[in-house]
Amino acid sequence: MNWQYRHTVLALCMLAFFVTYFARLAISPVVPFIVDDFAVSNTAIGAALSGMWLAYGVSQFPSGILADRYGERRVILVAVGGSAAMSALLAFAPVFPVFVLVAVLLGLAAGLHYAVATTLLSRTFDELGTAVGLHSVGGPLAGLTAPVAAAWVGVRYGWRPAVALAAVVGVPVFVLFFRGVRPTEPRRPDQPMRDRLQLAPLVELLSRPSILLPLFVAMIGTYVVQGVMSFLPTFLVAFRDYSPGTAAAIFSAFFVVRTVAQIATGKVADRFGRDTGIGISIGAGAVGAAGFVAVPGVAGVAVGVVGAGLGSSFFSAIDPRFMDALSDTERGAGFGLVRTVYTVVGSTGSFGVGLAADLFGWGVSFALLSGLYVIALAVLVGNKLLRTGY
């Protein structure tokens, strides 16, 4: 592979991630229209979205198995094409139960991408942290564009064209990826898939100290990021007394910081070590969450946005750490399994933050997020000081 082709692969993986992220984020801005159209409760639509995100986490592990059997290129094409197709079907859902089913299928399709793309990049780049950071930019870019575009279309034309936007975006990316990325050789083309689902090897992989320690940190970090992404605008309105419009602008600023931080964190991880990149990121996240609560005025919001944006970029350092701990033959299914575990656990962040806010108020809820980051940072520092080698 020459330099130009490597970067073609990276750019197209980033665009593919953009599509799968865009498809999931395009729903939230038009939730009120969906609720009115189907005459359902906010709890019902919340359960549908939770099902979508849970399905996204669950499909990470089988994505790795499928990539080992059929090659990464095919799986990513299914992820992009499936996300576009499910977004189009979502727009034609005649009744709410069909909407829920298609939303879950959308989550399953979108979840096939990330772990497999990371494995593909590990074949292509030596500086994996930087590559993962650039690839992950697709998510924040979708966070910047999907809510605005979906809200604009939803107000003018209704929620159905709004959720179908992902299909409009996804089809050209599917074609570009199909034409621009060469077929990839599967790592285990002849091994029966049922052999990969035996429980003992899976438990053994997850119980390795080199996997278990960053997995604990990843679960905490994902929980915090999910909570912040789900409720930051609501927090700004309820706790900081900002208008919804101002809160939305601040939320966009969060994604801008995250976009830049994804790349910076990956570069730091490549140059100074994975744990250094992770530690700087989650340390900044702890300061950011605390700043939102404890620092008054614009300064507190500025500290919070920068800190939270940096904190949400830790994936660019921790995912390469997992890849470093896995052999070449384990990276497909192994990394998919790790992603499933920490994504599924982390997806409860939306519920946990909302529950804490209902019970104790928004200040306590976000302060707890800061505390969780501190715990994760303490684990990393303790591992470093004790020189366990994990």
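**Packing and cavities**

Modeller: The crossing of α5 and α7 is left-handed, meaning the near helix is turned anticlockwise from the far one by less than a right angle. This is a predicted model, where local features need pLDDT of at least 70, side-chain atom pairs count only at pLDDT 80 or more, and totals for chains, interfaces and linings use all residues. Residues are numbered from 1 along each chain as its sequence is written, and side-chain values use heavy atoms, with hydrogens and water left out.

Biologist: At what angle do α5 and α7 pack?

Modeller: Helices are DSSP runs (H or I, at least four residues), numbered from the N terminus. Axes are lines fitted to C-alpha atoms over the stretch in contact, and angles run from 0 to 180 degrees between N-to-C directions. For α5 (residues 72-91) and α7 (residues 114-124), the axes lie 9 Å apart and the angle is about 145°.

Biologist: Which residues of α5 meet α7?

Modeller: Contact means heavy atoms within 4.5 Å. On the α7 side are Val 116, Ala 117, Thr 119, Leu 120 and Arg 123. Facing them from α5 are Glu 72, Val 75 and Ile 76.

Biologist: Which helix gives the most to the lining of the largest cavity?

Modeller: A cavity is a set of points on a 1 Å grid over the protein atoms alone where a 1.4 Å probe fits but cannot get out, and lining residues have an atom within 4 Å of a point. Tyr 21, Tyr 56, Arg 258, Phe 315 and Arg 339 are the closest to the centre, among 20 lining residues. With 4 residues, the top contributor is α13.

Methods:
Helix = DSSP H or I, 4+ residues; strand = E, 2+ residues; numbered from the N terminus. 1 Å grid on protein atoms, 1.4 Å probe; cavity = no way out; pocket = protein on both sides within 12 Å on 5 of 7 lines; lining within 4 Å.
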